[in-house]
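The sequence and structure come before the details.

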Amino acid sequence: MILITDHLCARLLANGTADIETDHVPVLKLFDPTGPATWLLSELDADGDTLFGLCDLGFGFPELGSVSLAELQSVKGRLGLGIERDLFFQGRFPLSVYAEAARHAGHITEDERLLRQAADALAKHSGLPPHTAEQTRR
């Protein structure tokens, strides 16, 4: 499976080379089909290899950080399966919301209730109205 299509690569690169620092909505989700590892990725550096996003290796402590595309492509897990792209993933909130929800859940989650709670909690601290990301993407 091609982990990153040309279209997704262009979006990731655009986010990675943005002039102002932005809390981007994740562009893609990668996962280990035979294990707990999951990545929500929002940016790609100009080197074409360094991705940035929310990384969850399944130890209960997801964190924001960088990962090598070449390394992800080289992984062979149990049964010889490699990392795959979630073809149905559509980011709906900024990466910070997914990170906050993952911090509470102990893993990356797409649970609507947890994501909305995280968005509301972050909005209270930032002064932004709740669900701002969701409203602007409709």
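Leu28 touches Leu3, Ile4, Leu8, Leu12, Trp39, Leu40, Leu41, Arg85 and Phe89, leaving out residues up to four places away in sequence; contact here means heavy atoms within 4.5 Å. The model is predicted, so local features need pLDDT of at least 70 and side-chain atom pairs count only at pLDDT 80 or more, while totals for chains, interfaces and linings use all residues. Residues are numbered from 1 along each chain as its sequence is written, and side-chain values use heavy atoms, with hydrogens and water left out.

Strands β3 and β4 (residues 63-68) run antiparallel and are joined by 6 bridges; strands pair if DSSP finds at least two bridges between them. Cys55 has Glu63 in β4 as its bridge partner. The hairpin has 6 residues between its strands, and Gly58 takes a positive phi near 90 degrees.

## Aromatic pairs

There are 2 aromatic pairs in the structure. Ring centres of Phe93 and Tyr98 lie 6.3 Å apart with planes at 75 degrees, so this pair is edge-to-face (pairs have centres within 6.5 Å; planes under 30 degrees apart are stacked, over 60 edge-to-face, the rest tilted). Phe93 and Tyr98 are both buried, meaning under 20% relative accessible area, with exposed over 50% and partly exposed in between (1.4 Å probe, protein chains only). Together with Phe89, Phe93 and Tyr98 form one aromatic cluster.

## Two loop residues

Leu79 lies in the loop between α2 and β5 (84-85). Its phi is near 65 degrees, positive in a residue other than glycine. Leu79 counts as exposed because its relative accessibility is 79%.

His24, in the loop between α1 and β1, counts as buried because its relative accessibility is 12%. His24 and Glu43 are 19 residues apart in sequence and 8.0 Å apart C-alpha to C-alpha. Beyond four places in sequence, the contacts of His24 include Ser42, Glu43 and Pro94.

Definitions and conventions: Helix = DSSP H or I, 4+ residues; strand = E, 2+ residues; numbered from the N terminus. Phe/Tyr/Trp six-rings, centres within 6.5 Å; stacked < 30°, edge-to-face > 60°.
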